[in-house]
Structure formats: structure tokens, C-alpha cells
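Biologist: Could you walk me through this model, one question at a time?

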Amino acid sequence: METVTFEGNHDLVLGAGFASSSSLKTVVLPEGLTEIESQAFYGSSVESVTIPSTVTVIGANAFQSCSSLREVIIEGTSLLEVGDGAFNYCISLESINLPDSVTTIGEQAFERCSALTEITLPESLTILGAGAFLTAGLTDIYMPEGMILEEYDATSSLNTDATTTIHVVDGSWASEQQSVWEEMGHTVSVE
């Protein structure tokens, strides 16, 4: 089974039914799905996934070790949380759009995503877990003007594996963190 497409409007939660699937390539999840539970696709061969606008939580380790996953498309603005390790070890992940509804990115959520070179953090983000981007390939991180992180580990949340430029808006909360990120070896571009 290479492609899974759910039809109709379903009110459901997706469990670990596709973990370690070796033939799965493309997944289009159904409207009505509210949560992708822990380890739902852990270690599968999925390459592309479309997450519907009704999903509010991507659970811990939901896509961990999906080494072929290249693209995640998140529709709508209902997603609130990307769980701990959700995309950990997704070494081929090149693209993910995080909607402005996301308030939490968990610990090690994008750890070792070496192909992920650019990300725009959502303005709604308030919690950025320790090691969220640990050893990721990020060369550019964009922080919107209104974003204020209430919880984050200054020494590890943005500890990437690349020379990273953090783009911030002058006068924003993010621009006030400039010296911390420069001490970590990042370049801060105040725009």
C-alpha cells in the first residue's frame, strides 16, 4: 500500500496503525481527524503527508524516524501542538509549514532534521521545547514580530547543526534575545 487517502468527514483520532509500514509513500489524512497520536507513523517509509485543518495535536514521536519523509503540508489554522520528538530523525524533511495557531513545539520535535534548512516560527508560539531543533540543518529561522516565547531553553532550543541566521523584527521580543543567540554562534539579522 503506497497511498492512503481517507474519504469523508471523520471524527477520529489516529493511533499507531501505520508505524513501521515499509511501503507507505503518501498519506492524505481526513477532515475530522483531531489528533495524530504518539508513534502513529513511527519508522514508516512515508514520503509526503497532508494534515487536515481539524488536527489540533501531532503527538509525541508521531513521525519519528520516518527517514524518507520529505514534505508535511498542514492545512488550516487549528494545529496547537507539535509533540515531543514528533519529527525527530526525519532526515529527509525539507518542508513543513507551521500555521499561526501553533502554541507549542515540544522537546526534540525536529531534532536531526538535517534536510530542513529554513523554518518560520508561528507568531502564536509560546513554548519551544529543549532541543527542538537540535542538530537540524537550519540555516534560516524566521521569528515574527509578535512572537513571545514564555518557555524555552536558551542554550538548546535553537541549537542547530548549521550556521544559522535568525531573522527578527527590530523592537520585538526576539530582537531582545540577540546577544544570547549570538553567544551560541548564530547570526542575528534585525530587519
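Biologist: Thanks! Is Phe63 buried or exposed?

Modeller: A word on the source: this is a predicted model, where local features need pLDDT of at least 70, side-chain atom pairs count only at pLDDT 80 or more, and totals for chains, interfaces and linings use all residues. Residues are numbered from 1 along each chain as its sequence is written, and side-chain values use heavy atoms, with hydrogens and water left out. Buried means under 20% relative accessible area, exposed over 50% and partly exposed in between, with a 1.4 Å probe and protein chains only. Phe63 has a relative accessible area of 0%, so Phe63 is buried.

Biologist: How do the rings of Phe63 and Phe87 pair?

Modeller: Rings of Phe, Tyr and Trp (its six-membered ring) pair if their centres lie within 6.5 Å; planes under 30 degrees apart are stacked, over 60 edge-to-face and the rest tilted. The structure holds six aromatic pairs. In the one formed by Phe63 and Phe87, the centres are 5.2 Å apart with 0 degrees between the planes, and the pair is stacked.

Biologist: Why does that pair tie together separate parts of the chain, and how many residues apart are they?

Modeller: Helices (H or I, at least four residues) and strands (E, at least two) are DSSP runs, numbered from the N terminus. Phe63 sits in the loop between strand 6 (57–58) and strand 7 (71–74), and Phe87 in the loop between strand 8 (81–82) and strand 9 (95–96), so the parts they tie together are 24 residues apart in sequence.

Biologist: What kind of pair do Tyr152 and Trp173 make?

Modeller: Tyr152 belongs to strand 14 (residues 151–152) and Trp173 to helix 1 (residues 173–176), and their pair links distant parts of the chain, 21 residues apart. Tyr152 is partly exposed at 23% relative accessibility, whereas Trp173 is buried at 15%. The ring centres lie 5.5 Å apart with the planes at 85 degrees, so the pair is edge-to-face.

Biologist: Which residues touch the most other members of the largest nonpolar core?

Modeller: A nonpolar core is a set of buried Ala, Val, Leu, Ile, Met, Phe, Trp, Tyr and Cys residues joined through side-chain atoms within 4.5 Å. Phe63, Phe87 and Phe110 also belong to one aromatic cluster, together with Phe41 and Phe133. Among the 51 residues of the largest core, those touching the most other members are Ile36, Phe63, Phe87 and Phe110.

Biologist: What is the phi of Tyr89, about?

Modeller: Tyr89 lies in the loop between strand 8 and strand 9, and at 35% relative accessibility it is partly exposed. Tyr89 is not a glycine, although its phi is positive, at about 65 degrees.

Biologist: And what is the phi of Gln108 near?

Modeller: Gln108 is in the loop between strand 10 (104–105) and strand 11 (118–120). With a relative accessible area of 28%, Gln108 is partly exposed. Its phi is positive, in a residue other than glycine, and is near 50 degrees.

Biologist: Finally, over which residues is the pLDDT below 50?

Modeller: pLDDT is the predictor's confidence in each residue, from 0 to 100. The chain has a mean of 87, and 87% of its residues reach 70 or more. Where pLDDT is low, the predicted coordinates should not be read in detail. Here the pLDDT is below 50 over residues 10–16.

Technical notes
Contact = heavy atoms within 4.5 Å.
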